[in-house]
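Subject: Handing over a structure, with notes on what was found

Dear colleague,

I am passing a structure on to you, and my notes follow below it. Please keep the structure open while you read, and look up each place as it is named.

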Amino acid sequence: MQERSSVGDLAEQLRRELDRYSPGGKLPSSRALVERFRVSPVTVSRALAQLAAEGLVVTRPGAGAFRARQRPAAAAVGDTSWQEVTLSADGAVDLVPRSVDASGVLVSLAAPPPGVVEFNGGYLHPSLQPERAMAAALSRAGRRPGAWGRPPTEGLPELREWFARGIGGAITAAEVLITSGGQSALTTALRALAPPGAPVLVESPTYPGMLAIARAAGLRPVPVPVDTDGVKPALLADAFRATGARVFVCQPLFQNPTGAVLAPDRRAEVLRIAREAGAFVIEDDFVRRLVHESAGPLPRPLAADDPDGVVVHVCSLTKATSPSFRVSALAAHGPVLERLRAIQIVDTFFVPRPLQEAALELVGSPAWPRHLRAISAELKTRRDTMTSALRLDLPELSLPHIPSGGYHLWLRLPDGTDEVALTAAALRAGVAITPGRPYFSAEPSAGHVRLSFAAVAGTGEIAEGVRRLRRACDEVL
């Protein structure tokens, strides 16, 4: 945050001083700016890049930075009000009107203001990301023969093989497609398996990004409740019978947001129920690599125990690395694989080859298992710190389940609590939290909040964030 702030400060200072130079005039050298403002060369480079993006300066390699010449007057602003009629009329012919609402996703993507504790983040803090290993992998990948050429549309064979081994069972490399992040893979799967207007069964509560995908595709999410052992099979069977749905989306391992793991006796039941309904199960195995230290052996993916092609499996490297390391996999048995492949090609062509090569370099390096061990230990420490702080400072918030993997806790609020008011009060107190309402496709039974412990700098920030949340609760509860 300090580096980001100094970049902005330097860019603003240079912006104010631009009038000293005539159009085309040369600005001081990077070395002079480093010495004058006592900042790093990286800060100077980023500040100049920001001004260049704004069209205020022009940078010439080897020559320096120059004030940009006067830009032509801006074109007259047009009238776009006609679009309201066109976009809203879209729903007149759809069985289920499409609605594109990214608000539930943006909660975990948007960076909070400086000084705010980030309990709403959906990715590892930079201090937990394998930045050196990723940089080294990308550097080595860029030197591989053919690294900048066109990859196979399904993905590099070696990377498909690596994902197939990780899934297990009868899954082979030929049944894996490399995709650009889990969100993209889920979008492809839902488009392939459900026509517009169709119902799709979802866990309740569930990941808001998946609900957004479904609604944007004109699908109708139908909730199936979960408890601490995952989705309830009897209710899943009832939902299939009542709706005629042909797709069920679930997260059997460390479910988002509850952290539940699908119980052993329910795993086979879920597959049997879906098979009898002639339905697919989209398995979003999004945080298998964020298991906490001492959690014990993990259950296999559902796809590993599915010889009949019921499961379409999604897994990703992103959560365990960086939000910008968007490499994931789709795996499926049978004819559906060709439909998945066709939709992915139409939507995105392929994942850039340098990123696939970098993924291969990363997961094949000694740094990869070291990184997984390190975050396993650190996430357990952070979870325990947050759990203890909540029990001590906020006992009125109910914590029904403490997960052994993932990066967040799911808390039930006292009856009658206004989630929106609490979220706003928390932000005023200096802590960003995620309200529970976007995780439900229908009316929730109670108010909830989700607190992430992965996006903060460390355990000290967790303790401070809980103290700030205590102040917000005193104001609202």
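Buried residues make up 49% of the 477 residues in the protein, where buried means under 20% relative accessible area, exposed means over 50%, and partly exposed lies in between, with a 1.4 Å probe and protein chains only. Please bear in mind that this is a predicted model, in which local features need pLDDT of at least 70 and side-chain atom pairs count only at pLDDT 80 or more, while totals for chains, interfaces and linings use all residues. Residues are numbered from 1 along each chain as its sequence is written, and side-chain values use heavy atoms, with hydrogens and water left out.

Overall picture

The secondary structure comes to 16 helices and 15 strands; helices (H or I, at least four residues) and strands (E, at least two) are DSSP runs, numbered from the N terminus. The radius of gyration of the protein is 25 Å, close to the 23 Å that the globule rule gives for 477 residues, so the protein is as compact as a globular protein of that length. That radius is taken over C-alpha atoms, and the globule rule is 2.2 Å times the number of residues to the power 0.38. Along its principal axes, the C-alpha trace spans about 75 × 60 × 55 Å. If we take contacts (heavy atoms within 4.5 Å) between residues at least 6 apart in sequence, 74% of them join residues at least 24 apart.

In strand E10 (311–316), 6 of the 6 residues are buried, so E10 is largely enclosed by the rest of the structure. In a regular strand the side chains alternate between the two faces of the sheet. Both faces of E10 are covered, with Val311, His313 and Cys315 buried on one side and Val312, Val314 and Ser316 buried on the other. Two strands pair if DSSP finds at least two bridges between them. E10 is joined to E9 by 5 bridges, and these two strands run parallel, whereas 4 bridges join E10 to strand E11 (residues 328–331) in an antiparallel arrangement.

A sheet of three strands

An open sheet of 3 strands has the order E12-E15-E14, with antiparallel pairing. Strand E12 (408–412) and strand E14 (434–435) stand at the edges, each with a single partner strand, so one side of each is left without a neighbour in the sheet. E14 pairs with strand E15 (residues 448–452) over 2 bridges in the antiparallel sense, and the bridge partner of Pro435 in E15 is Val449.

Helices H13 and H14

Helix H13 (residues 353–363) is mostly covered, with 10 of its 11 residues buried; among them are Arg353, Glu357, Leu360 and Val363. The buried residues of H13 pack against helix H6 (131–142), helix H7 (157–167), strand E4 (176–179) and H14. Within helix H14 (residues 367–393) you will find Glu378, which is partly exposed, with a relative accessible area of 24%. The C-alpha atoms of Glu378 and Thr459 are separated by 9.5 Å, although these residues are 81 residues apart along the chain.

Backbone details in the loops

Most residues other than glycine have a negative phi, and most peptide bonds are trans. A cis peptide bond, with omega about 0°, joins Ser204 and Pro205, and Pro205 lies in the loop between strand E5 (199–204) and helix H9 (208–216). The peptide bond from Asn256 to Pro257 is also cis, with omega near 20°, and Pro257 is found in the loop between strand E8 (247–250) and helix H11 (264–276). Arg38 is a residue other than glycine with a positive phi, near 55°; Arg38 lies in the loop between helix H2 (30–37) and helix H3 (41–53) and is exposed, with a relative accessible area of 75%. Ser294, in the loop between strand E9 (280–285) and strand E10, likewise has a positive phi, of about 70°, and counts as exposed at 65% relative accessibility.

With best wishes
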